Amino acid sequence: MQQSQRNPSPQTFTIPADAVSVVDYTRYAQERMHPLAWAYMAGAAGEEQTQALNEAAFARYPLRSRVLRNTAGGHCRLTVFGHEYVSPIFLAPAAAHKLCHPDGELATVLGATAIGCGAVISTQASVDMQLLVEQAKQGNNPLWFQLYIQEDPVYTDALIKKAESASYQALVITVDAPVNGLRYREQRMGFSVPDFAKPVNLHDLPRSCANRRTVQGSDSRDVKHQTSEDSETGIDAAVARDEALTEGSSQTSEATHLRAGQGTVFDSPMVSSALGWDELERVISATSLPVILKGILHPDDAIEGLKRGAAGIMVSNHGGRVLDGMVSSLDCLAEVAQAVKAYKPDVPVFFDGGIRSGSDILKALALGADAIMIARPYLYGLAVGGASGVAHILHLLKTELEMAMVLCGCRTLADVDKSLIHSL
């Protein structure tokens, strides 16, 4: 289904005076983004039940406050891999930020750096990874690089070398997306990643390998050459041309070109070349950077990952974007965190999935996370206010977290534990 190519109104990137929460930003982002870009950023797999479960799960874990405790002089600072962050809030990796703002990930990193929050840059970023590090260095803010394992180990190693050479401080390997999620909202809208938002850090890989693994990585389809005009004018000028966001919407996926008797999924190149434990161990041994595994929901997988050399675990169901009908990330957090800490107490546990407020963050920390990651909230901030919108979202969430900590009697993150969660 083809959509009108023009935004309903010009995008101004100013923060509305009444934008005081993530919910507010969500509403304004939908109003300001092109409908196709919104379908991509806000959508999830299938009928989006898992995405809804991620957000709804927090209501099942109510906080129980403690009173008359001294919290003066407190803070929510956190040290991870030797670096101190102002809060346990990190930006999760997400592709194609130029769908939200003409400056893409540059604006995202600027907003995170202004607040002092950590950020993970996607393999499918629409801005050169070296430029992003240079932006982050202005605030002494180290970046981490999210890695989709490539079909050919040579190209995987090349991406790792690029990240190391660019001074990224950790690798976040996504392990839960061997195939692309079926995202009905995108399919119904006819979305395809446009030229100006393509994954530029894969441009020096052979085209067949880059495209094949990018699809497996779950977020991009075949992308074409980016013109200088696209990169200069950004999304508003691009969507004004008939081909910008809908170009390629009728493309036939690689999986449909089949031999007689060949299955559509099990026999596809994505599955035959999917990441396994042995290749993961090889990749971990090939880098000096700490490696976090993103997409863990089962404690046995977490322990196996640690045995293979992982330095951190991220409990996540990919924001509901891979498989609909999955358990919420929050419902898996306590069990995974407990197993990780029992096996190796100093391994950081990260959480990703459905956080929309500071009290949500406190609940995740109480259930065993050392830090949390957000994606859609900061992307909505980016779409509404650019770098300032990202910084404002992070400021709002940090302030809400600190207020929740005070009201629950927690002076620092060390005071946060499972006793804050009321057992229903």
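The structure is predicted, so local features need pLDDT of at least 70 and side-chain atom pairs count only at pLDDT 80 or more, while totals for chains, interfaces and linings use all residues. Residues are numbered from 1 along each chain as its sequence is written, and side-chain values use heavy atoms, with hydrogens and water left out.

Next come the rings themselves. Rings of Phe, Tyr and Trp (its six-membered ring) pair if their centres lie within 6.5 Å; planes under 30 degrees apart count as stacked, over 60 as edge-to-face and the rest as tilted. Searching the whole structure gives nine aromatic pairs. Phe145 and Tyr168 make an edge-to-face pair, with 5.7 Å from centre to centre and 70° between the planes. This pair links distant parts of the chain, 23 residues apart: Phe145 belongs to strand β5 (residues 143-147), and Tyr168 to the loop between α6 (153-165) and β6 (171-174). Helices (H or I, at least four residues) and strands (E, at least two) are DSSP runs, numbered from the N terminus. How exposed a residue is follows from its relative accessible area: buried means under 20%, exposed over 50%, and partly exposed in between (1.4 Å probe, protein chains only). Phe145 counts as buried because its relative accessibility is 0%, and Tyr168 is buried at 1%. Elsewhere, Phe81, Tyr85, Phe90, Trp144 and Phe350 come together as one aromatic cluster.

Charged side chains can also meet each other. In a salt bridge, a side-chain nitrogen of Lys or Arg is within 4 Å of a carboxyl oxygen of Asp or Glu, and the whole structure holds 15 salt bridges. One of them joins Arg77 to Glu84 (3.8 Å, N to O); Arg77 is partly exposed at 39%, as is Glu84 at 49%. Another joins Glu186 to Arg183 (2.5 Å, N to O), and both of these residues are buried.

Glu281 and Arg308 form a further salt bridge, their closest N and O atoms being 2.8 Å apart. Glu281 lies in helix α11 (residues 277-285) and Arg308 in the loop between α12 (299-307) and β8 (312-315), so the pair ties together parts 27 residues apart in sequence. Glu281 is partly exposed at 34%, whereas Arg308 is buried at 19%. Together with Asp278 and Glu304, Glu281 and Arg308 are linked in a network of salt bridges.
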